[in-house]
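Student: Hi! Could you walk me through this protein? I'd like to start with the overall picture and then zoom in.

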Amino acid sequence: MEAEICQETCVEESFNILYERWKPCVCRWASRWVPRSEVEDVVAEVFIVLWERMEVKEEGFSPRLSWVYVVLRNKIGDRIRRSCSSVAFDESVHGVSCADFQKLVVRRRVVAEALRKLSSVDREILQITYWKNLDSATAAKLMGLSSAAFRKRLSRARSRAAMLILGEE
């Protein structure tokens, strides 16, 4: 009896540690794909799956954040499919139709793959410019370059990224 209580407590403690460690990452990722009002629900669904897998003590199951992201992707996909099939799809939340949203997802994957293939310098230049939304003078200072050198590198990075995106490797 005590062994069962200890195992249950150990599972609960392990789950709590993983939940505290991974919840911020999972929330950030979920907030990119679902309306703010649904983020907590999606995250809860993901951690319920994790809890169930840990509680069953499935042989060889060792939770990893990458596994949690796969569960999250599946839960988000379920929600998107439900919203797309629903007549009452709330375009005001996403600002796009379901078909446009699916195209957007494909484009994001293509861009992410292209970024992955770029050199770390090209990737950093593009991320500083577009994700951090810095002007070229500020970005140049951040990278320790002159404004002219930064603009030239940005131009080259854009060209290489465009070739990857368009499939002209």
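Student: Of the contacts with a separation of 6 or more, what share comes from residues 24 or more positions apart?

Tutor: In this predicted model, such residues account for 58% of those contacts. Contact here means heavy atoms within 4.5 Å.

Student: Okay, and how many helices and strands are there?

Tutor: The protein has 8 helices and 0 strands, where helices (H or I, at least four residues) and strands (E, at least two) are DSSP runs, numbered from the N terminus.

Student: Let's zoom in. How do helix 6 and helix 8 cross?

Tutor: The axes of helix 6 and helix 8 (residues 147-165) come within 9 Å and cross at roughly 105°. Axes are lines fitted to C-alpha atoms, for helices over the stretch in contact, and angles run from 0 to 180 degrees between N-to-C directions. That makes helix 6 roughly perpendicular to helix 8, a label for angles of 65 to 115 degrees (under 35 is roughly parallel, over 145 roughly antiparallel, the rest oblique).

Student: What kinds of residues make up that contact?

Tutor: They divide into 8 nonpolar, 1 polar and 4 charged. Ala, Val, Leu, Ile, Met, Phe, Trp, Tyr, Cys and Pro count as nonpolar, Asp, Glu, Lys and Arg as charged, and the others, Gly among them, as polar. On the helix 6 side, Thr-129 and Tyr-130 are among them, and helix 8 contributes residues including Phe-150 and Arg-158.

Student: Is Thr-129 buried or exposed?

Tutor: Thr-129 counts as buried because its relative accessibility is 11%. Buried means under 20% relative accessible area, exposed over 50%, partly exposed in between (1.4 Å probe, protein chains only).

Student: Which residues does Thr-129 touch, leaving aside neighbours within four places in sequence?

Tutor: Thr-129 is in contact with Leu-134, Phe-150, Leu-154 and Arg-158.

Student: New topic! Where does helix 6 meet helix 7?

Tutor: Glu-124, Ile-125 and Ile-128 in helix 6 meet Ala-139, Leu-142 and Met-143 in helix 7. The residues of this contact divide into 5 nonpolar, no polar and 1 charged.

Student: And what angle do those two make?

Tutor: The axes of helix 6 (residues 120-131) and helix 7 (residues 136-143) cross at roughly 140°, so the two helices are oblique to each other.

Technical notes: Residues numbered from 1 in each chain as written. Predicted model: local features only at pLDDT ≥ 70, side-chain atom pairs only at ≥ 80, totals over all residues. Heavy atoms only, no water.
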